[in-house]
Amino acid sequence: MDVKIGRWFVLCFVSTLLLVGQVFCLESASVDDEKNMIRDRESDVLVLTSGNFSELTKSGTWLVEFYAPWCSHCRKFMPKYEEIATDLKLKGIYTAKLDGSAHRSVFSQFKLEGFPSFLLFFGDESDRKTLRFKGKRSVEQLEEFAVSKKHSLPIDTETGELANPFSSSTMQVFLVVGMTVPLIALIIFVFSIASFSRAKAQIDADKRD
């Protein structure tokens, strides 16, 4: 009887640890994804990755720069791109960047050949279009390029600013899972402790008899 109780307690304890470990992994992943997705605190340029690219650019108008950290032209143009992002934000257009050297699957998908490259994603969700920028890299030409294909985007009614594309169901799912799994783990752990206590009390009573 002691052996069975011990095994049951160990099984419950291990299950609890596994569940807790799972939620820690999920929460860590959500934090990493959020760090990769959110805009820099002092920047209006959004950060895209191979993990969020398709989901985020499937609606609205997006001007996306494909860059590489080692590209001198990219680094030189970044201050101007920041300026473009601020201007386009007021016009309801998302401005983003994606490290093409790190996320090759997205970069190769559009058959791009060099850095920096600029693509515009626009149109209805059922009829998305992609257009490559072939003009001179200047604030004026890139802004004109983006505005010419503008597609209306939601504006946050409280702030009056362009809605945050990262306030999505994905983050809500992580929040729900992050709250639910620890609760389940706690219930299992409490149940295992209670079961162990009752079984031990029964054994002690049997021994006294």
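Tutor: Let's start with helix α3 (residues 72-89) and helix α5 (residues 139-147), which pack at an angle of about 40° with their axes 10 Å apart. Helices here are DSSP runs of H or I at least four residues long, strands are E runs of at least two, and both are numbered from the N terminus. The axes are lines fitted to C-alpha atoms over the stretch in contact, with angles running from 0 to 180 degrees between N-to-C directions. That angle makes α3 oblique to α5, since under 35 degrees counts as roughly parallel, over 145 as roughly antiparallel, 65 to 115 as roughly perpendicular, and the rest as oblique.

Before going on, a word on what you're looking at: this is a predicted model, where local features need pLDDT of at least 70 and side-chain atom pairs count only at pLDDT 80 or more, while totals for chains, interfaces and linings use all residues. Residues are numbered from 1 along each chain as its sequence is written, and side-chain values use heavy atoms, leaving out hydrogens and water.

Back to the helices. On the α3 side, F77, K80, E83, I84, D87 and L88 meet V139, L142, E143, A146 and V147 of α5; contact means heavy atoms within 4.5 Å. Those residues divide into 7 nonpolar, no polar and 4 charged. Here Ala, Val, Leu, Ile, Met, Phe, Trp, Tyr, Cys and Pro count as nonpolar, Asp, Glu, Lys and Arg as charged, and the others, Gly among them, as polar.

Staying in α3, look at A85. A85 counts as buried because its relative accessibility is 1%; buried means under 20% relative accessible area, exposed over 50%, and partly exposed in between, using a 1.4 Å probe and protein chains only. Leaving aside residues up to four places away in sequence, A85 touches D44, V45 and T95. From A85 to V139 it's 9.7 Å, C-alpha to C-alpha, though they sit 54 residues apart in sequence.

Helix α3 also holds Y81, which links to F118 in strand β4 (residues 117-122), 37 residues apart.
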